[in-house]
Amino acid sequence: ELKKNEKLAKLHQEIINLECNLKDTATNVVISDGDSDSRIMFIGEAPGAKEDLAGKPFVGDAGLLLNKMIGFIGLSREKIYISNIVFWRPPGNRTPNDKEILSCLPLTRKHIYLIKPKLLILVGSIAAKSLLKTKDGITKLRGKEHKYYDDEYKLIIPARAIFHPAYLMRNP
């Protein structure tokens, strides 16, 4: 049986080898950051320009705001685990399309399975809609308790949807 970090390294390789049109325009693959043993996993939408350059999720201005938000609940970035639905930056920071989301989603689901968080925080509308399998927008989803269901991996994980920090920066 492979250890968790070996399974994550294998997943990392699967992500790198994934067929996704975004690889052609992105600088780096952006998979995760933080403590893989954390009980809380944050999942955003897709990397932006700064994330693409750094190869880490949430390192731009929205990431700094997210760090503050995490701090307000008495945690630090080092104590959580963070990833995105899509692993490459869409050109011009556009929203990832359905095809891009669907190509990455199986590996996002596997990622959640390997981390086995006790709580999922879905950052923004794309992450929330994709993982909660709903058409409802973030305004309707936030502030409520949800469950993330995955029949293949036999997972039921409590989930919360929050506004994306980039949205909060545009609409304080």
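This is a predicted model: local features need pLDDT of at least 70, side-chain atom pairs count only at pLDDT 80 or more; totals for chains, interfaces and linings use all residues.
1. Nine salt bridges turn up in the whole structure (a side-chain nitrogen of Lys or Arg within 4 Å of a carboxyl oxygen of Asp or Glu). One of them joins Lys 110 and Glu 14, at 2.6 Å from N to O. This pair links distant parts of the chain, with Lys 110 in helix α4 (residues 98–115) and Glu 14 in helix α1 (residues 4–17), 96 residues apart. Helices here are DSSP runs of H or I, at least four residues, and strands are runs of E, at least two, numbered from the N terminus.

2. Have a look at Asp 33 and Arg 77 too: their closest N and O atoms are 2.9 Å apart in a salt bridge. Asp 33 lies in strand β1 (residues 32–34), while Arg 77 sits in the loop between α3 and β3 (81–84). Both Asp 33 and Arg 77 are buried (under 20% relative accessible area; exposed is over 50%, partly exposed in between, with a 1.4 Å probe and protein chains only).

3. Glu 100 and Arg 94 also form a salt bridge, at 2.7 Å from N to O. Glu 100 is buried, at 0% relative accessible area, whereas Arg 94 is partly exposed, at 32%.

Note on methods:
Residues are numbered from 1 along each chain as its sequence is written. Side-chain values use heavy atoms; hydrogens and water are left out.
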